[in-house]
Amino acid sequence: MSKTKENLMAAFAGESQANRKYLAYAKQADKEGLSQVAKLFRAAAEAETIHAHAHLRNAGKIGDTVANLKDALEGETHEFTKMYPPMIAQAEADGDKMAAKFFAYANAVEEVHANLYKKALADPKGLPSEDYYLCGICGYTHAGSFDTCPVCGAGKNASIKVD
Ligand SMILES: [Fe+2]
Ligand SMILES: [Fe+2]
């Protein structure tokens, strides 16, 4: 990998993190009644997404959709088989209950994502047209609405339609 390719991926990681961090900061600013600061964070967050996408594109990391589905499936599989299990064990050993809980939620949901991507990969054109719903607590993702989240047990009011 050339130094610039390496830099592109490092910049992509940084800009991606800045995007999600600023959105979290915007929510906090809203909670504090600082709506103009929230707007500023949201605007900067969008700009970071523009940068992140450009860096990813220039690194040659956006393929056609079948290649992208394969990459996504690989990433999710890595997360629920290799990345999260030792993180869960470590958080439990450290007595960090919240970290362990959300690592475990994420771990379960990444496996769900892997299965959804597998299904899409099997027949990208024939994927049934339906809305996806998320659990607002743990991120569980489901084609169609659901009553009780099978990952965290949240009720129907936690189910959010993705537009
Ligand atoms: Fe995922
Ligand atoms: Fe959930």
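This is a predicted model: local features need pLDDT of at least 70, side-chain atom pairs count only at pLDDT 80 or more; totals for chains, interfaces and linings use all residues.

Colleague: Which atoms are the protein donors of the iron ion (ligand 2)?

Modeller: Cys135 (SG), Cys138 (SG), Cys149 (SG) and Cys152 (SG), which lie 2.3 Å from the ion. A donor is an N, O or S atom within 2.8 Å of the metal (3.2 Å for Na, K and Ca), and sites may look incomplete as water is not among the atoms.

Colleague: How do you know whether cysteine 135 is buried or exposed?

Modeller: Its relative accessibility is 3%. Buried means under 20% relative accessible area, exposed over 50%, and partly exposed in between (1.4 Å probe, protein chains only). Cysteine 135 therefore counts as buried, and so does cysteine 138, at 12%.

Colleague: What makes the site of the iron ion (ligand 1) irregular?

Modeller: The angles among its four donor atoms run from 56 to 138°, and the tetrahedral rule asks for all angles between 85 and 135 degrees. The ion is coordinated by Glu76 (OE), Glu76 (OE), Glu110 (OE) and His113 (ND1), at 2.0 to 2.4 Å. Along the chain these donors follow the spacing E-x33-E-x2-H. Glutamate 76 sits in helix 3 (residues 65–93) and histidine 113 in helix 4 (residues 97–122), so the pair ties together parts that are 37 residues apart in sequence. Both are buried: glutamate 76 has 11% relative accessibility, and histidine 113 has 19%.

**Helices, strands and rings**

Colleague: How many helices and strands are there in the protein?

Modeller: Four helices and three strands, in the order α-α-α-α-β-β-β along the sequence. They are DSSP runs numbered from the N terminus: helices are H or I with at least four residues, strands are E with at least two. Of the 163 residues, 27% count as buried.

Colleague: How many aromatic pairs does the count come to?

Modeller: Six. Rings of Phe, Tyr and Trp (its six-membered ring) pair if their centres lie within 6.5 Å; planes under 30 degrees apart are stacked, over 60 edge-to-face, and the rest tilted.

Colleague: Why is the pair of tyrosine 25 and phenylalanine 41 called edge-to-face?

Modeller: The ring centres are 5.4 Å apart and the planes meet at 65°, so the pair is edge-to-face. It links distant parts of the chain, with tyrosine 25 in helix 1 (residues 3–31) and phenylalanine 41 in helix 2 (residues 35–58), 16 residues apart. Tyrosine 25 is partly exposed at 38% relative accessibility, and phenylalanine 41 is partly exposed at 23%. Tyrosine 140 and phenylalanine 146 are also edge-to-face, with 5.1 Å between centres and 80° between planes. Here tyrosine 140 is buried at 10%, as is phenylalanine 146 at 7%. Ring pairs also join Tyr22, Tyr25 and Phe41 into a cluster.

**The largest pocket**

Colleague: Which residues line the largest pocket?

Modeller: Met9, Leu56, Lys61, Ile62, Gly63, Ala67, Asn68 and Asp71. Helix 3 gives the most to this lining, with three residues.

Colleague: How do the residues of that lining divide into nonpolar, polar and charged?

Modeller: Four are nonpolar, two polar and two charged. Ala, Val, Leu, Ile, Met, Phe, Trp, Tyr, Cys and Pro count as nonpolar, Asp, Glu, Lys and Arg as charged, and the others, Gly among them, as polar.

Conventions: Residues are numbered from 1 along each chain as its sequence is written. Chains are lettered from A and ligands numbered from 1 in the order in which they are written. Side-chain values use heavy atoms; hydrogens and water are left out. Four donors count as tetrahedral if all angles lie between 85 and 135 degrees; four count as square planar and six as octahedral if opposite donors are over 155 degrees apart and all others between 65 and 115; anything else is irregular. On a 1 Å grid over the protein atoms alone, a cavity is a set of points where a 1.4 Å probe fits but cannot get out, and a pocket is an open set with protein on both sides within 12 Å along at least five of seven lines; lining residues have an atom within 4 Å of a point.
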